[in-house]
Amino acid sequence: NIDKNKPLIALFTNVIWDAQLYYDQNIFKNMIEWLVETINYSTKKNLQIAIRVHPAEDMGLLPSRQKVKDELLKYFDKLPKNIFLINSNDNLNSYMLIKNSLFSIVYASTIANEIVSLGKNVIAAGETWVKNKQISLDPKNKIEYFQMIDKLLVSPKIEKNKIIRARKYSYYFYFKKMIPINSLINEEKKKSNFSLDKSIEDIFNQKTDRGIKVISEGIANNTNFTYEA
């Protein structure tokens, strides 16, 4: 029922229990307050909002017992007609949603960087990896937050340098800071239970795991943990 002739704004949530950490720069008390206030604002302005609930809410290793939909229904008897809730288990491609949205708003998720890398503006309503890196739009208070929404509705085009910065940061984050450790094994196929395939002494002596070498040298020499492929 989304009207393709009207602008659509995409909101990307985090899992509620994973969004509870307090950051002094956050302008909303929590993620639910952000959603409720954004819904109320968009309803007054008659804006179309698509809320993409984080897939990990149902499909993660620890499914959440606190659902975004349930929390929102504590504030609304039913969601306004301009609000479209896409549940975590809905088979919808988030990248297609980004592509068909004027811009996006993210509370706390790594997808913020992907949104900008794809050439769309993103407002950081909570704590994201890209915040304060000249990639996202980072409001300092609620007034600024809603002003940014109004501004992007008029002028949604993104600056080219932000796209370049986002892609450079993605490369740095995923290919430099993510360090592969080949010696780790996970026999029980559980994400939390890892062991080494040989003694740490053998790993060092045989020089078979460059990832462990990078980490150990970083600890020993107090240097940056950066993996060079």
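Buried residues make up 42% of the 229 residues in the protein. Buried means under 20% relative accessible area, exposed over 50%, and partly exposed in between, with a 1.4 Å probe and protein chains only. The model is predicted: local features need pLDDT of at least 70, side-chain atom pairs count only at pLDDT 80 or more, and totals for chains, interfaces and linings use all residues. Residues are numbered from 1 along each chain as its sequence is written, and side-chain values use heavy atoms, with hydrogens and water left out.

The protein holds 9 helices and 7 strands. The exposed surface comes to about 14,100 Å², and carbon and sulfur atoms supply 53% of it. Accessible areas come from the Shrake-Rupley method with a 1.4 Å probe; for residues, only the protein chains shown count as cover. Among contacts between residues at least 6 apart in sequence, 62% join residues at least 24 apart. Contact here means heavy atoms within 4.5 Å.

In soluble globular proteins, nonpolar side chains tend to be buried together. A nonpolar core is a set of buried Ala, Val, Leu, Ile, Met, Phe, Trp, Tyr and Cys residues joined through side-chain atoms within 4.5 Å. The largest such core has 31 residues, of which Trp34, Ile105, Ile123, Tyr145 and Ile149 touch the most other members. At least two residues of this core come from each of strand S1 (8-12), helix H1 (31-45), strand S2 (48-52), helix H3 (68-72), strand S4 (103-106) and helix H6 (142-154). H1 gives the largest share, 7 residues. Another core, of 20 residues, lies apart from it and includes Ile98, Ala112, Ile163 and Tyr169.

Helix H1 has 15 residues, which at 1.5 Å a residue should span 21 Å; its end C-alpha atoms are 21 Å apart, in agreement. The expected span is 1.5 Å times one less than the number of residues. Buried in H1 are Met31, Ile32, Glu33, Trp34, Leu35, Val36, Thr38, Ile39, Tyr41 and Ser42. These buried residues pack against S1, S2, H3, strand S3 (83-86), S4 and H6. Asn30 caps the N-terminal end of H1, with a side-chain oxygen 3.2 Å from the backbone nitrogen of Ile32. A polar contact is a pair of N or O atoms within 3.5 Å; within protein, one must be able to donate a hydrogen and the other to accept it, and residues adjacent in sequence count only if both atoms are side-chain atoms. Asn46 follows H1 and has a positive phi, near 60 degrees.

Helix H6 was examined in the same way. Its 13 residues should span 18 Å at 1.5 Å a residue, and its end C-alpha atoms are 19 Å apart, which agrees. The buried residues of H6 are Tyr145, Phe146, Met148, Ile149 and Leu152. Seen down the axis of H6, they fall within an arc of 150 degrees, so they line one face of the helix. The arc is that of the directions from the helix axis to the C-beta atoms. Exposed residues Ile143, Lys151 and Val154 sit on the face of H6 turned away from its buried side. The buried residues of H6 pack against S1, H1, S4 and strand S5 (122-124). At the start of H6, a side-chain oxygen of Asn141 comes to within 3.2 Å of the backbone nitrogen of Ile143.

Leu85 is part of strand S3. Leaving out residues up to four places away in sequence, Leu85 touches Ile51, Val53, Lys69, Leu72, Leu79 and Asp90. Ser109 lies in the loop between S4 and helix H5 (111-117). This serine, Ser109, counts as buried at 14% relative accessibility. Beyond neighbours within four places in sequence, Ser109 is in contact with Thr13, His54, Glu127 and Thr128.

Positive phi values also occur in loop and end segments. Asn132, not a glycine, has a phi of about 65 degrees. Asn132 lies in the loop between S5 and H6, and is partly exposed, with a relative accessible area of 45%. Asn222 has a positive phi near 55 degrees. Asn222 lies in the segment after helix H9 (210-221), and is exposed, with a relative accessible area of 72%.

Key
Helices (H or I, at least four residues) and strands (E, at least two) are DSSP runs, numbered from the N terminus.
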